[in-house]
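Hi,

Here is the model I said I would pass on, with my notes below it. Could you have a look at both and tell me what you make of them?

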Amino acid sequence: MTSAAPAQPAEPHQPAPSDRHVPTGVDPSVPHSARVWDCLLGGKNHYAADRRAAAAFEAAIPKVRAYARSGRGFLTRSVRYLAAEAGVRQFLDVGAGLPTAYNTHEIAQSLAPQSRVVYVDHDPMVLLHVGALLTSTPEGATAYVEADMRDTTTVIEGAGRTLDLSRPVALVLSDVLGHIVADDEARAVVRRLATALPTGSYLALSHAAPGDPAAVAAQEAYNESGAIPYVLRDRETIARFFEGWELVEPGLVTWPRWRPDAATEQHEHVPGYAAVARVS
């Protein structure tokens with residue numbers, strides 16, 4: 001197995017959305033975190049409300065685009081580690097979000113073509129663009145389960161149609177748990193998903209944290225806009241998602257400090273933490 005960086009995947013051939021062309025179930029007048037995130041990453045799948053929200057975050061947090069890249073970079077490096085070093089061949093990406101460069105299946109299958117990847121989301125916007133997530137190598141497979149991550153029974157049952165749940169699976173929770181406001185409920189969701197997987201599975205989890213007061217105020221303003229709220233959690237609270245499991249080195253660190261490579265941008269005071277753990 002090799003740990004070389006995967007080849008640059010082809011950009012999804014999806015038209016930029018228009019406020020005159022809105023999928024059923026999408027309100028373009030209210031910002032949505034997946035579309036705001038897409039905007040900050042330089043994507044095309046967002047509306048005017050999302051661009052205004054992204055601009056508000058950038059005004060309060062001048063490095064927010066760099067921080068967004070840092071969060072995405074952890075996903076890339078953690079999946080690369082799991083496929084190339086840990087030998088995982090199955091991935092369950094819950095709260096997948098909108099397609100962009102270096103999606104989970106592209107990273108995993110570039111290193112292990114037989115990898116099987118299941119994406120989970122229930123956002124109508126993600127469903128509109130799901131075709132970009134369902135490409136696969138001939139040896140592997142990709143699939144999509146439409147479900148809320150809180151509905152862990154549906155998630156696991158859906159994943160089992162593509163994944164062999166008697167063999168190790170990497171559970172990927174990339175900066176999505178902030179949408180579950182109550183700490184106890186968020187921890188319960190992680191536990192139900194992770195403990196449904198066999199011994200030898202892994203959890204790769206990232207979560208945004210409070211930054212300076214301007215950043216916290218910007219998040220509070222976003223949450224009060226009518227958008228689905230996102231809760232920032234401190235390092236101690238994020239660490240509790242991993243209780244009882246063995247953390248892979250270097251443990252729980254800020255996004256760019258998790259196994260950085262030559263392409264990783266380093267920033268001080270990055271408002272987010274991440275880790276990979278072996279699930280016992």
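**Salt bridges**

Let me start with Asp183, which counts as partly exposed at 30% relative accessibility. In these notes, buried means under 20% relative accessible area, exposed means over 50%, and partly exposed is in between (1.4 Å probe, protein chains only).

Before I go on, two bits of bookkeeping. This is a predicted model, so local features need pLDDT of at least 70 and side-chain atom pairs count only at pLDDT 80 or more, while totals for chains, interfaces and linings use all residues. Residues are numbered from 1 along each chain as its sequence is written, and side-chain values use heavy atoms, with hydrogens and water left out.

Back to Asp183: what does its side chain meet in a salt bridge? The partner is Arg233, at 2.6 Å from N to O. The two sit 50 residues apart, with Asp183 in helix H7 and Arg233 in the loop between helix H8 (213–223) and helix H9 (235–239), and the pair links distant parts of the chain. Helices and strands here are DSSP runs (H or I, at least four residues, for helices; E, at least two, for strands), numbered from the N terminus.

As for the general idea, side chains of opposite charge can pair when their charged atoms come close. The cut-off used is a side-chain nitrogen of Lys or Arg within 4 Å of a carboxyl oxygen of Asp or Glu.

In total, the structure holds 10 salt bridges. Another of them joins Glu185 and Arg150, whose closest N and O atoms are 3.4 Å apart. Glu185 belongs to helix H7 (residues 183–195) and Arg150 to the loop between strand S3 (141–146) and helix H6 (152–159), so this pair ties together parts that are 35 residues apart in sequence. Both ends are partly exposed: Glu185 at 36% and Arg150 at 32%.

Arg240 and Glu243 form a salt bridge too, with 3.7 Å between the closest N and O atoms. Arg240 is partly exposed at 37%, and Glu243 is partly exposed at 44%. There is also a network, in which salt bridges with shared partners join Asp148, Arg150 and Glu185.

**Nonpolar cores**

A nonpolar core is a set of buried Ala, Val, Leu, Ile, Met, Phe, Trp, Tyr and Cys residues joined through side-chain atoms within 4.5 Å. The largest one has 51 residues, and the members that touch the most others are Val36, Phe57, Leu82, Phe91, Trp258 and Val276. Which helix gives the most to this core? That is H3 (residues 64–84), with 10 residues.

Contact, below, means heavy atoms within 4.5 Å. Leaving out neighbours within four places in sequence, Leu82 is in contact with Gly87, Val88, Phe91, Ala170, Tyr202, Ala204 and Val276.

**Strands**

All five residues of strand S1 (residues 90–94) are buried, so the strand is largely enclosed by the rest of the structure. Gln90, Leu92 and Val94 are on one face, and Phe91 and Asp93 on the other.

Two strands pair if DSSP finds at least two bridges between them. S1 pairs with strand S2 (residues 116–121) in the parallel sense, over five bridges, and Leu92 has Val118 as its bridge partner in S2. S1 also runs parallel to strand S4 (residues 170–174), joined by three bridges, with Phe91 opposite Ala170.

H2 (residues 48–60) has 13 residues and reaches 19 Å from its first C-alpha to its last, close to the 18 Å expected at 1.5 Å a residue. That expectation is 1.5 Å times one less than the number of residues. Buried or exposed, where do the residues of H2 fall? Ala49, Asp50, Ala53, Ala54 and Phe57 are its buried residues. They cover an arc of only 135 degrees around the axis, which puts them on the same side of H2; the arc is taken from the directions from the helix axis to the C-beta atoms. Arg52 and Ala59 are exposed on the other side. The buried residues pack against helix H1 (33–40), H3 and H8.

In H6, the buried residues include Thr152, Val155 and Ile156. S1, S2, S3 and H7 are among the elements that cover the buried residues of H6.

Cheers
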